[in-house]
Amino acid sequence: MTDTEPAPAVRETAESIATMEIRGAATIASAAAEALAEQAEAAAEADATASDPEAFRASMRAAARTLRETRPTAVSLPNALRYVLQRMEGDSVDRLRRSVVDASEAFVEQLDRAQEDLGQVGANRLADGDTVMTHCHSTDALACIEAAVEQGKSISAVVKETRPRQQGHITAEQLRDAGVPVTLIVDSAARRYLDEVDHVVVGADSIAADGGVINKIGTSGLAVNARERGVPIMTAAQTIKLHPETLTGHTVEIEMRDEGEVIEPEAREEIGDIAVENPAFDVTPPRYMDAIVTEQGQFPPESIVTLMRELFGEGAAEPWAEP
Ligand SMILES: O=P(O)(O)OC[C@H]1O[C@H](OP(=O)(O)O)[C@H](O)[C@@H]1O
């Protein structure tokens with residue numbers, strides 16, 4: 001490891017995030033915070049950084065850049081890196097190391113607590129006997145359904161498989177394990193099943209200042225259909241999903257993933273000269289979302305900007321940038 005080369009553990013985490021072995025906005029955030037702690041431990045031992053606070057700081061910034069570059073859409077990733085690096089302090093390598101490790105642990109604890117708290121808020125929106133529809137796999141959304149079950153409510157679920165990666169299967173298994181009767185459907189069957197559904201619950205990768213919800217591709221179509229069928233839809237999203245850069249007019253980059261997730265190489269060859277595109281996310285306009293459920297309570301999407309200013313008012317610093 002040179003003074004700017006990330007530790008092997010950081011490179012492994014970055015690779016796992018990029019290939020989606022580690023996925024889901026909250027899980028990515030906690031893995032990134034833990035990787036920074038691993039970088040701090042490694043840099044405190046490495047020849048080039050062990051006795052040079054400035055070189056140590058540079059190595060932390062480089063590690064954060066490597067993690068930042070893995071996936072562009074879930075803002076929980078840069079928000080995690082910001083949280084840890086902004087708390088890095090001390091005039092010796094040992095103090096710096098300790099501050100990073102402490103911040104990383106505090107971040108992960110906060111994340112777990114936030115999910116539990118928002119689960120209670122989301123659960124209050126669900127009634128005994130409700131059937132919910134889910135899209136993709138969101139630990140925040142699942143927290144709401146599981147908390148409702150723990151409150152003693154009987155909940156059933158219609159789970160969309162969520163092409164192309166079919167993360168709906170993970171949701172189906174986790175809900176089944178929580179004692180929720182599950183029906184798995186293909187994405188295009190969603191509107192047909194909405195008549196049997198009382199509530200749609202989805203997660204978020206980022207929330208924009210105007211209340212737009214950036215989540216797995218297909219969420220916006222589901223929200224429009226839910227509105228047309230009169231079914232309420234909520235987004236469960238911890239406040240680390242709030243995107244501070246959108247306060248100053250930036251838009252959220254939508255990740256385009258490899259076409260190999262959509263079509264097998266053999267079939268790809270057969271269809272020849274046809275474009276295949278694979279956007280991972282879409283934006284649901286605030287008017288199609290009934291509520292954003294956070295650990296600080298539920299908000300109408302249009303008012304989320306108030307919470308955002310309170311939490312990220314000073315803007316979106318980039319503490320990983322070269323000075
Ligand atoms: O943070 P939690 O609620 O777990 O997940 C939030 C969102 O992250 C996922 O993205 P991906 O599967 O990483 O592309 C899904 O879009 C999911 O709704």
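Where is K241 found? K241 sits in the loop between β7 (233-236) and α10 (265-271); helices (H or I, at least four residues) and strands (E, at least two) are DSSP runs, numbered from the N terminus. The structure is a predicted model, in which local features need pLDDT of at least 70, side-chain atom pairs count only at pLDDT 80 or more, and totals for chains, interfaces and linings use all residues. Residues are numbered from 1 along each chain as its sequence is written.

**Annotated positions**

An unreviewed UniProt entry places the feature "binding site" at R23, G24, A25, A26, R71, N215, K216 and K241. Such annotations may be inferred rather than shown by experiment; the positions are given in the numbering used here and feature names are shortened. These residues are spread over 219 residues of sequence but cluster in space, with a largest C-alpha distance of 14.2 Å.

Two of them are set out below. A residue is buried if 20 or more other C-beta atoms, placed from the backbone, lie within 10 Å of its own, exposed if 12 or fewer, and partly exposed in between.

| Residue | Other C-beta atoms within 10 Å | Class |
|---|---|---|
| R23 | 18 | partly exposed |
| K241 | 26 | buried |

R23 is found in the loop between α1 (8-18) and α2. Not counting residues up to four places away in sequence, K241 touches A25, V75, S76, A204, D205, S206 and I207, where contact means C-beta atoms, placed from the backbone, within 7 Å.

**Ligand shell**

The ligand has 17 residues around it, of which G24, A26, S138, T139 and G203 come nearest; the criterion is a C-beta atom, placed from the backbone, within 6 Å. The elements giving two or more residues to this shell are α2 (25-43), α6 (139-150) and β6 (213-216). By class, the shell has six nonpolar, seven polar and four charged residues. Ala, Val, Leu, Ile, Met, Phe, Trp, Tyr, Cys and Pro count as nonpolar, Asp, Glu, Lys and Arg as charged, and the others, Gly among them, as polar.

**Domains**

The ligand lies between domain 1 (8-115) and domain 2 (124-312), because both give residues to its shell. The domain bounds come from an automatic or database domain assignment. The C-alpha centres of domain 1 and domain 2 are 27 Å apart, and 16 residues of domain 1 are in contact with 20 residues of domain 2. On the domain 1 side, α2, α4 and α5 each give two or more residues, and α2 gives the most, with four.

Notes: Two residues are in contact if their C-beta atoms, placed from the backbone, lie within 7 Å.
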